[in-house]
Amino acid sequence: MSSIRVTTPQAAYDVTIAPGLLRTLYPRLRKLNAGRPAKTFVITSPEIWALWHDRFLASFPADAQPSVLFLPRGERHKRLAAVESLANQLVLAGADRDSILLAFGGGVIGDVTGFLAAIYMRGIRYVGLPTTILAQVDSSLGGKTGVNLAAGKNLIGSFHHPLAVYSDIDTLATLPAAELRAGLQEAVKSAIIYDAKLFLYLEQNASSILGESSHKSDSGRIEHRPSKPGVASSKALEKVITASVRVKADVVSKDEKESGLRMILNFGHTIGHAIEAATHYRKLLHGEAVAWGSIAALHVSLNRGRITHEDFVRMANLILRYGPIPAFRADPAKLVALTSGDKKKRSGRRAFVLTTGIGATEIAYDVTDAELLTATTAMLEDMKQA
């Protein structure tokens, strides 16, 4: 079991990473809420609840069963209409200022639940119970909550930290292989921007992390069989998740409100969010879009002379190693145009995260549309060769 402390000027809480956490959930919640009986509400998707409700409820006594509210699965439901619907359901169910929300699911569930907690009755408490790699390594901690507008991702939101985060490794056993790999792209990102040791571990242990088996083809080439749900190594995953959480916890603790350092966590996201918008949030998973966006960011870094060609190849190969990443069709000029709505702009200037080597980054405010067009065009060419 690993426990990592997140400390900011506004909040301090622990992220606990281990198998079997759901079976001890109620005692953990009681410890968090000592002396304050509170109504508990689970926000989850029907799919997640169908898989895990027995284990989730196992530790709750009969007189303390939580109420369950459902949010349909998918990024298209990460909208203000869903927040209003859930808020109305909370009112009808008797939720008050002492109530606690439990965000049980992936990144969309976490973002929506956190935002709902931030604004319901001007702010109530919530606990993160992430069930995907993406949520466990990234979105469940740091306090960034929000929903999407048609104009772009996460343009409506608030900083609102959880009471605690419990990442049960067991819940990854039912994760589809594509979602496992897409989530691991956020771990790859953490390694590229901040942690060279994690980068090396991801390079050297990919088969174990992904639960692959290797075999020789007729030509003598070593090939890796794709992972299947439930076969990835829980120990290897726990190590990767823990290291990634340490990266984010350290960055967030130094810069809670994204005034400087925290922006490095958006490596690959400027173009990644544009890809999601261009494909209407239906063609790629978030981590897959960020993966292609990261390759575009590598091209900008290379073209500016901020990284060597050798480092470019190592970083691009690691991103692709945790694929396959689905291809998509898009006009590179349209992708560049879509970056104009990026919420990381400051005084009209685009904040673009570059890598300056494995485990190192910088933020540039002078990356031009022409540079992005060149890099995005190169990324689309890379896609044809992948």
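Is Met121 buried, partly exposed or exposed, and what is its relative accessible area? In this predicted model, Met121 is partly exposed, with a relative accessible area of 35%. Met121 lies in the loop between helix H4 (107-119) and strand E6, and its phi, near 50°, is positive although the residue is not glycine. The loop between H4 and E6 also contains Arg122, another non-glycine residue with a positive phi, in this case near 65°. Arg122 is exposed, its relative accessible area being 76%. Most residues other than glycine have a negative phi, and most peptide bonds are trans. A cis peptide bond is found between Gly323 and Pro324, with omega about 10°. Pro324 belongs to the loop that links helix H12 (309-321) to helix H13 (332-338).

Helix H2 (residues 46-57) has Ile48, Trp49, Trp52 and Phe56 as its buried residues. These residues lie on the same side of H2, because they cover an arc of only 120° around the axis. An α-helix has 3.6 residues a turn, so residues three or four places apart point the same way. The buried residues of H2 are covered by elements including helix H1 (25-32) and strands E3 (40-44), E4 (67-70), E5 (100-105) and E6 (125-130). Ala50, Leu51 and Asp54, on the other side of H2, are exposed.

Helices H10 (residues 269-278) and H11 (residues 286-303) have axes that come within 7 Å and cross at roughly 130°. H10 is therefore oblique to H11, and the crossing is right-handed. His269, Ile271, Gly272, His273, Ile275 and Glu276 of H10 meet His286, Ala289, Val290, Trp292, Gly293 and Ala296 of H11. This contact comprises 6 nonpolar, 5 polar and 1 charged residues.

Methods
Residues numbered from 1 in each chain as written. Predicted model: local features only at pLDDT ≥ 70, side-chain atom pairs only at ≥ 80, totals over all residues. Heavy atoms only, no water. Axes fitted to C-alpha atoms, helices over the stretch in contact; angles between N-to-C directions. Helix = DSSP H or I, 4+ residues; strand = E, 2+ residues; numbered from the N terminus. Parallel < 35°, antiparallel > 145°, perpendicular 65-115°, else oblique. Left-handed = near helix turned anticlockwise from the far one by under 90°. Contact = heavy atoms within 4.5 Å. Nonpolar A, V, L, I, M, F, W, Y, C, P; charged D, E, K, R; others polar. Buried < 20%, exposed > 50% of the residue type's maximum accessible area, 1.4 Å probe, protein only. Arc of directions from axis to C-beta.
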